[in-house]
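User: I have a fold to go through with you. Can you take my questions one by one?

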Amino acid sequence: MNQDELAIYLAVTNFATENLFWQLVYLNNAIFQTPLKIEAKEKLLGMKKMCGTIISSFYPSGEGGELVEAMAKNNRLFVAYADSVMQGSGHSGILKRQWRENGQQIARLLCRMNPYWRTAEWTAMINHEADLLDKIATSLHARNYTVFVDIAPICRRLAIDMSNYMSSGLAKQLRCTTP
């Protein structure tokens with residue numbers, strides 16, 4: 001791995017793990033209705049800037065902007081879904097469907113942007129992440145707090161795996177476009 005590839009890997013991994021961190025912090029504070037819930041939400045929704053910085057360095061127009069917007073929408077839908085679950089709202093199913101559909105849109109966008117990424121891989125990873133976060137949310141609502149402790153490390157490992165896949169594709173694409 002050369003210095004450029006390492007920089008790509010670190011940027012993508014930092015984004016993915018920080019985004020996951022704020023998702024987990026948000027869930028934890030949403031179930032207990034702590035004052036930190038608002039700050040966690042702001043941090044999570046503010047991840048759009050970090051995402052935009054990374055994506056725009058590789059895809060400065062069009063699809064890059066679409067991806068950043070889709071990823072920001074994913075966090076907004078996650079927050080809405082988590083709130084709905086914590087409140088026991090009947091709208092949870094609709095929000096879950098929208099969140100999952102947005103994840104599929106992200107997978108399609110990624111694969112249109114980079115020939116080294118495959119829809120099946122992105123779809124599987126994005127769906128797995130949503131399944132894990134959903135399991136944590138519904139378990140917290142059911143007052144089963146051990147699920148959080150059991151699943152959070154799996155979420156982190158998945159975020160790192162997704163980062164590896166993304167940074168590998170970015171590095172390959174960079175190698176093919178650099179003279």
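Analyst: Buried means under 20% relative accessible area, exposed over 50%, and partly exposed in between (1.4 Å probe, protein chains only). This is a predicted model: local features need pLDDT of at least 70, side-chain atom pairs count only at pLDDT 80 or more, and totals for chains, interfaces and linings use all residues. Residues are numbered from 1 along each chain as its sequence is written, and side-chain values use heavy atoms, with hydrogens and water left out.

User: Is Cys-111 buried or exposed?

Analyst: Cys-111 counts as buried, because its relative accessibility is 17%. Cys-51 is buried too, at 3%.

User: How many disulfides does a search of the whole structure find?

Analyst: The search finds 0. A disulfide is a pair of cysteine sulfur atoms within 2.5 Å.

User: New topic, aromatics. How many aromatic pairs does the structure hold?

Analyst: There are 7. Rings of Phe, Tyr and Trp (its six-membered ring) pair if their centres lie within 6.5 Å; planes under 30 degrees apart count as stacked, over 60 as edge-to-face and the rest as tilted.

User: What is the pair of Phe-32 and Tyr-145 like?

Analyst: It is tilted, because the planes of Phe-32 and Tyr-145 are at 35°, with the ring centres 5.4 Å apart. The pair links distant parts of the chain, 113 residues apart. Phe-32 is in helix 1, and Tyr-145 is in the loop between helix 6 (119-141) and helix 7. Helices here are DSSP runs (H or I, at least four residues), as are strands (E, at least two), numbered from the N terminus.

User: How accessible are Phe-32 and Tyr-145?

Analyst: Phe-32 is partly exposed at 45% relative accessibility. Tyr-145 is partly exposed as well, at 35%.

User: And what about Trp-117 and Trp-122?

Analyst: They form an edge-to-face pair, 5.8 Å centre to centre, with 85° between the planes. Both are buried.

User: Which residues do ring pairs link into a cluster?

Analyst: Phe-78, Tyr-81 and Trp-99.

User: On to the core. Which residues touch the most other members of the largest nonpolar core?

Analyst: Of its 60 residues, those are Leu-27, Leu-67, Phe-78, Trp-117, Trp-122, Leu-133 and Ile-136. A nonpolar core is a set of buried Ala, Val, Leu, Ile, Met, Phe, Trp, Tyr and Cys residues joined through side-chain atoms within 4.5 Å.

User: Which elements give two or more residues to this core?

Analyst: Helix 1, helix 2 (36-45), helix 3 (47-58), helix 4 (63-87), helix 5 (92-113), helix 6 and helix 7.

User: What is Leu-133 in contact with, leaving aside neighbours within four places in sequence?

Analyst: Leu-20, Gln-23, Leu-24, Leu-27, Phe-78, Trp-99 and Cys-155. Contact means heavy atoms within 4.5 Å.

User: Which side chain does a polar contact join to that of Glu-5?

Analyst: That of Arg-175, at 2.6 Å. A polar contact is a pair of N or O atoms within 3.5 Å; within protein, one must be able to donate a hydrogen and the other to accept it, and residues adjacent in sequence count only if both atoms are side-chain atoms.

User: Last one: where does Asp-161 lie?

Analyst: In helix 7 (residues 146-177). Asp-161 is partly exposed, at 34%. Its side chain makes a polar contact of 2.7 Å with that of Arg-157.
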